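Please look at the sequence and the structure first.

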Amino acid sequence: MSTQSTPHANTTAIGSSPIRAGAPLVVAAGLSRVIASRAQRIVILDDISFVVPAQSLFAINGPSGSGKSTLLNILTGIDQPTGGSVTFGGQTLRKMSEDQLARWRGKNIGVVFQFFQLLPTLTAEENVLLALALTHALPRRQWRARAGECLALVGMGEYAKRLPGELSGGQQQRVAIARALANDPPVLVADEPTGNLDSKTATQVFDLLAGLTTRGKTVIYVTHDPHLAERATQRLDLLDGRIAGMSAGARPAGAADGATPTLAANPHTFART
Ligand SMILES: Nc1ncnc2c1ncn2[C@@H]1O[C@H](COP(=O)(O)OP(=O)(O)OP(=O)(O)O)[C@@H](O)[C@H]1O
Ligand SMILES: [Mg+2]
C-alpha cells in the first residue's frame, strides 16, 4: 500500500526538506517543565536534551511519574516547555501559533493512545474515515479506499464494519493505528500503546508499530515496560524528570562523550544510523 511518507525509501518528508534516515528529526534542547505556584515549585522535567533520528523506533522509558507523557506532549507541541526548545523536522515549535501547530500536527503526526480512543458509535472504517475528513489530506473520493488500505495494513480489513465494542482490545488498538496512519504522517507517537493489552496481544500490536519504521515512519513511544524499551532502536530513560540514560544515537550533536549516561548497545537494535 502507499503508507510510505517519503519520496525515497530512506528519507523522511517533513518540514521544508527531506531528512535522511538516521539524521536528526526531532531535536530537544534543554527542555524543562516547571509548575510554580506561590506555595510550591514542581520540577516535572529538568534539562532534557536528545535527538530522535528519522525512521527510528524511539522509546521514552521510565517509571510512573518520571515525566514521560509530559515530554511526549511537549515534543508534539500539545504542551509547552517552560524552558528549552523543540525543533521538529527543522521547525521550531515555539515559533508556531496554536493554529499552525494544530495544522502541522494533523499533517505530520499520528497519535496512538493507551485506551484507543475510538468513537464507540462509529465502525472501524468510519473511525478511520473521520481522521481523513478532519484533515482533508486527500480528496474525498479517495477516502474509502485509503481507509480500506490502512485497515488492511493492520490486519483489520475484515472488521471494517464492526463497532469498537464488537472488537477485542488488540483489534481496537489496530484500528486506532490504522486511524493514526490515515493521513500518511511521517511520525507516529504512542503513549503506552500496549499498556491496556495482555502480553501476547501487546507483543503483536507492538510488532505492528515497530514494523512501520521499515515503511519510512518514525515511531516515538512511551513505555514503562523494560522489555518494550529494549526493542527500541534508540531510547531515552527518564527518572524523576531527568535523563537517567540514553542510547548513543539519541545523544545530541556536540554533547561530550559521557556527558549523559549512555545505554549499552542493544542486541535487538536495527538502527540505520
Ligand atoms: N499539571 C500538573 N500539575 C502538577 N504536577 C503535574 C502536572 N502534570 C504532571 N504532573 C506531575 O509530573 C510528573 C510527571 O507526570 P507524567 O504524567 O509526565 O508522568 P509519566 O512518566 O507519564 O507517568 P505514568 O507512567 O504514570 O503515565 C508526575 O509526578 C505528575 O504528578
Ligand atoms: Mg504517562
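## The sheet

An open sheet is formed by 6 strands in the order 8-9-10-5-11-12, with mixed pairing. Strands are DSSP runs of E with at least two residues, and helices are runs of H or I with at least four, numbered from the N terminus. Two strands pair if DSSP finds at least two bridges between them. Strands of a sheet pair through backbone hydrogen bonds, either parallel or antiparallel. Strand 8 (109-112) and strand 12 (242-246) are the edge strands, each pairing on one side only. On average, neighbouring strands of this sheet are turned by 20° against each other, direction ignored.

Strand 9 (residues 187-191) pairs with strand 10 (residues 218-223) in the parallel sense over 5 bridges. Val222 in strand 10 is the bridge partner of Asp191.

## Basis of the model

This is a predicted model, in which local features need pLDDT of at least 70 and side-chain atom pairs count only at pLDDT 80 or more, while totals for chains, interfaces and linings use all residues. Residues are numbered from 1 along each chain as its sequence is written, and chains are lettered from A and ligands numbered from 1 in the order in which they are written.

## A helix on the sheet

Helix 6 lies across strand 5, strand 9 and strand 10, and runs at about 145° to strand 10. Such angles run from 0 to 180 degrees between N-to-C directions, and axes are lines fitted to C-alpha atoms, for helices over the stretch in contact.

## Helix 5 and helix 6

Helix 5 and helix 6 (residues 199-211) pack at about 15°, with their axes 9 Å apart. The two helices are therefore roughly parallel to each other, a term for angles under 35 degrees. Helix 5 passes helix 6 in a right-handed crossing, meaning that the near helix is turned clockwise from the far one by less than a right angle.

Gly169, Gly170, Gln173, Arg174 and Ile177 of helix 5 meet Thr201, Gln204, Val205, Leu208 and Leu209 of helix 6. Residues are in contact if their C-beta atoms, placed from the backbone, lie within 7 Å.

## Helix 3 and helix 5

The axes of helix 3 (residues 124-135) and helix 5 (residues 169-181) come within 8 Å and cross at roughly 25°. Helix 3 is thus roughly parallel to helix 5. On the helix 3 side, the contact is made by Ala124, Asn127, Val128 and Ala131, and on the helix 5 side by Val175, Ala178 and Arg179.

Definitions and conventions
Angles under 35 degrees count as roughly parallel, over 145 as roughly antiparallel, 65 to 115 as roughly perpendicular and the rest as oblique. Two residues are in contact if their C-beta atoms, placed from the backbone, lie within 7 Å.
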